[in-house]
Amino acid sequence: MVVAFNVTGNEQGDWTVLSVTGELDLVTSPVLRQRVHDVVAEGRHSLVLDLSDVYFCDSSGVGVLIASRRLIRSCQGDLRLILPAQGAADGSHVNRVLGALGVRRLFEVHPDLDSATDEEAGPLSA
């Protein structure tokens, strides 16, 4: 089974939402890094990364997520991740990787888009 990597963007209120599909690895992570940089360069500093459909994430993918957090924070912005309990095929792979590496606590994680773009909703616990 070949899963194409894709990043699509849209606006949800004040938030820019980048939906990521496929494998986030050494080959594909530069694409996501560039998209995040493009969003910030356009002056949008409220970003949601929807990782619900990411089937695989390696250390370079985690590196892009951490670098994105650092970039957004340097602009006084907000970064939220969507990592549902049952994302992709058998649960959120990214959620498990971030937890195993001990960096999940760095991110504001939400179960779905409505929660991620709602100013009143709190993040899931680490």
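I take contact to mean heavy atoms within 4.5 Å. The model I am reading is predicted.

**Entry 1. Overview**

I began with the whole chain. I find four helices and five strands. In sequence order the pattern runs β-β-α-β-α-β-α-β-α. The protein has 126 residues, and 42% of them count as buried. Next I looked at contacts between residues at least 6 apart in sequence. Of these, 67% join residues at least 24 apart.

**Entry 2. Helix H1**

I turned to H1, which covers residues 29-41. H1 has 13 residues. From first C-alpha to last it reaches 18 Å, close to the 18 Å expected at 1.5 Å a residue.

Which residues of H1 are buried? I list Ser29, Leu32, Val36, Val39 and Val40. Viewed down the axis of H1, these buried residues fall within an arc of 100°, so they line one face of the helix. An α-helix has 3.6 residues a turn, so residues three or four places apart point the same way.

**Entry 3. Helix H2**

H2 has 16 residues. Its reach from first C-alpha to last is 22 Å, close to the 22 Å expected at 1.5 Å a residue. The buried residues in H2 are Ser60, Gly61, Val62, Val64, Leu65, Ser68 and Ile72. What covers them? The cover includes strands E2 and E3, helix H1, strand E4 (78-82) and helix H3 (93-101).

**Entry 4. H1 against H2**

How do the axes of H1 and H2 cross? They come within 9 Å and cross at roughly 10°. That makes H1 roughly parallel to H2, because angles under 35 degrees count that way.

I then listed the residues that meet. From H1 I have Ser29, Leu32, Arg33, Val36, His37 and Val40. From H2 I have Ser60, Gly61, Val64, Leu65, Ala67, Ser68, Leu71 and Ile72. Leu32 and Val36 in H1 are also among the buried residues of that helix. Val64 and Leu65 are among the buried residues of H2.

**Entry 5. Gln76**

Where is Gln76? I find it in the loop between H2 and E4, just after H2. Its phi is positive, about 60°, although Gln76 is not a glycine. Is Gln76 buried or exposed? Gln76 is exposed, with a relative accessible area of 69%.

**Entry 6. Ser52**

I looked up Ser52 and found it in strand E3. Ser52 has a relative accessible area of 16%. It counts as buried because that value is under the 20% cut-off. Ser52 and Leu83 are 31 residues apart in sequence. In space their C-alpha atoms are 5.6 Å apart.

**Entry 7. Cysteines**

I checked Cys57 and Cys75. Cys57 is buried, with a relative accessible area of 4%. Cys75 is partly exposed, at 25%. How many disulfides are there? A pair of cysteine sulfur atoms must lie within 2.5 Å to count. By this rule I get zero disulfides.

Conventions
Residues are numbered from 1 along each chain as its sequence is written. This is a predicted model: local features need pLDDT of at least 70, side-chain atom pairs count only at pLDDT 80 or more; totals for chains, interfaces and linings use all residues. Side-chain values use heavy atoms; hydrogens and water are left out. Buried means under 20% relative accessible area, exposed over 50%, partly exposed in between (1.4 Å probe, protein chains only). Helices (H or I, at least four residues) and strands (E, at least two) are DSSP runs, numbered from the N terminus. The expected span of a helix is 1.5 Å times one less than its number of residues. The arc is that of the directions from the helix axis to the C-beta atoms. Axes are lines fitted to C-alpha atoms, for helices over the stretch in contact, and angles run from 0 to 180 degrees between N-to-C directions. Angles under 35 degrees count as roughly parallel, over 145 as roughly antiparallel, 65 to 115 as roughly perpendicular and the rest as oblique.
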